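This briefing sets out the strands, the ligand shell and the helix packing of one model. Please keep the sequence and the structure in view while reading.

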Amino acid sequence: MTREDAAVTLRGISRSYGRGNAAVRAVDNVTLAFPRGAWTAVMGPSGSGKSTLLHCAAGLERVDEGQVLLGDTDLTAARDRTLTELRRTRIGFVFQSFNLIGSMTAAQNVALPLRLAGQRPSAAVVRDTLASVGLADRARHRPRELSGGQQQRVALARAMVTRPDVLFADEPTGALDSTSAAVVLDMMRQMASNGQSIVMVTHDPLAAARADAVIFLRDGRVVDRLAGASAGQVAARLTALEVGP
Ligand SMILES: Nc1ncnc2c1ncn2[C@@H]1O[C@H](COP(=O)(O)OP(=O)(O)OP(=O)(O)O)[C@@H](O)[C@H]1O
């Protein structure tokens, strides 16, 4: 894959926590490209470094070694201010716990990234973005007045309103029942089909099977990759890694 085809390129990245005997190499010399316009899932046993990898790729955390490129932009060389700006304008993030602001309506939550970027969001943009996740009629509702699935859809709309280069998702269906999860995954599938690059960490083989490809981590390293796999194939691979040598 050339650099032009990659939404995010990781070159020999490592990230450790702690010092001395207590040091943990959460991500260990990973080289990987997340293709542009594709949905990639990241799986692996608990503690294999999935969240750390995602946070490093999204510029939420610094790497100790190696290089992270967002398109052509070197995040590792960026100063903190530049990185904050890049995160606001070119990266979208959704979390397991939604992270909406409770005192704001759905529309205000969706408008927030544009406001933070110094723009005055038009009502039409906010309305259209909420409509794209099927929540045009919930614009004035606050998070506590919405179901978990609806809250995650507001979070998706908030992440997408800036038209980010990459949408990062950390366990986006982890707090949802299976019906709400399926709706959220359908929306992410639609976004990917429209050309949105997505990188998603998940424990759920059903969620991973909706992605175009699945990367498997163990002990901070990439150990396998499946493309177009069924949920059963993904689950079997994950189980083998969890019990493997
Ligand atoms: N802030 C931190 N301080 C110390 N150690 C950490 C920190 N964050 C992660 N680690 C360690 O780094 C390793 C990888 O953690 P990480 O959260 O990236 O794994 P994960 O695959 O996302 O796990 P899970 O599936 O359980 O969420 C683990 O051993 C973890 O204990």
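How many bridges join strand 1 to strand 4? Five bridges join strand 1 to strand 4 (residues 65-70), and the two strands run antiparallel. The model is a predicted one, in which local features need pLDDT of at least 70, side-chain atom pairs count only at pLDDT 80 or more, and totals for chains, interfaces and linings use all residues. Residues are numbered from 1 along each chain as its sequence is written. Helices (H or I, at least four residues) and strands (E, at least two) are DSSP runs, numbered from the N terminus.

- Four strands form an open sheet in the order 2-1-4-5, with antiparallel pairing; two strands pair if DSSP finds at least two bridges between them.
- Strand 2 and strand 5 (73-74) are at the edges with a single partner strand each, so one side of each has no neighbour in the sheet.
- Strand 1 (residues 6-17) is joined to strand 2 by eight bridges, and these strands run antiparallel.
- Within this pair, Val-8 stands opposite Phe-34 in strand 2, and the bridge partner of Ala-6 in strand 2 is Pro-35.
- Strand 1 and strand 2 form a hairpin with six residues between them, and Gly-18 in the turn has a positive phi of about 75 degrees.
- On the strand 4 side, Arg-11 stands opposite Gln-67.

- Six strands form an open sheet in the order 6-7-8-3-9-10, and the pairing is mixed.
- Its edge strands are strand 6 (91-95) and strand 10 (221-227), each of which pairs on one side only.
- Neighbouring strands of this sheet are turned by 20 degrees against each other on average, direction ignored.
- Strand 3 (residues 39-43) and strand 9 (residues 213-218) run parallel and are joined by four bridges; the partner of Val-42 in strand 9 is Ile-215.
- Helix 1 packs on the sheet, touching strand 3, strand 7 (166-170), strand 8 (197-201) and strand 9, where contact requires C-beta atoms, placed from the backbone, to lie within 7 Å.
- The direction of helix 1 makes about 150 degrees with that of strand 8.

**The ligand shell**

- The residues around the ligand include Tyr-17, Gly-18, Val-24, Ala-26, Gly-44 and Lys-50; a residue counts as near if its C-beta atom, placed from the backbone, lies within 6 Å.
- Strand 2 (24-35) and helix 1 (50-57) are the elements that give two or more residues to this shell.
- Helix 1 gives the most, with three residues.
- By class, the shell has three nonpolar, eight polar and one charged residues; Ala, Val, Leu, Ile, Met, Phe, Trp, Tyr, Cys and Pro count as nonpolar, Asp, Glu, Lys and Arg as charged, and the others, Gly among them, as polar.

**Packing of helix 5 and helix 6**

- Helix 5 (residues 148-160) and helix 6 (residues 178-193) pack at an angle of about 20 degrees, with their axes 9 Å apart; axes are lines fitted to C-alpha atoms, for helices over the stretch in contact, and angles run from 0 to 180 degrees between N-to-C directions.
- The two helices are therefore roughly parallel to each other, a description used for angles under 35 degrees.
- Residues making the contact include Gly-148, Gln-152 and Leu-156 of helix 5 and Val-183 and Met-187 of helix 6.
- By class, this contact has six nonpolar, four polar and one charged residues.

Definitions and conventions. Angles under 35 degrees count as roughly parallel, over 145 as roughly antiparallel, 65 to 115 as roughly perpendicular and the rest as oblique. Two residues are in contact if their C-beta atoms, placed from the backbone, lie within 7 Å.
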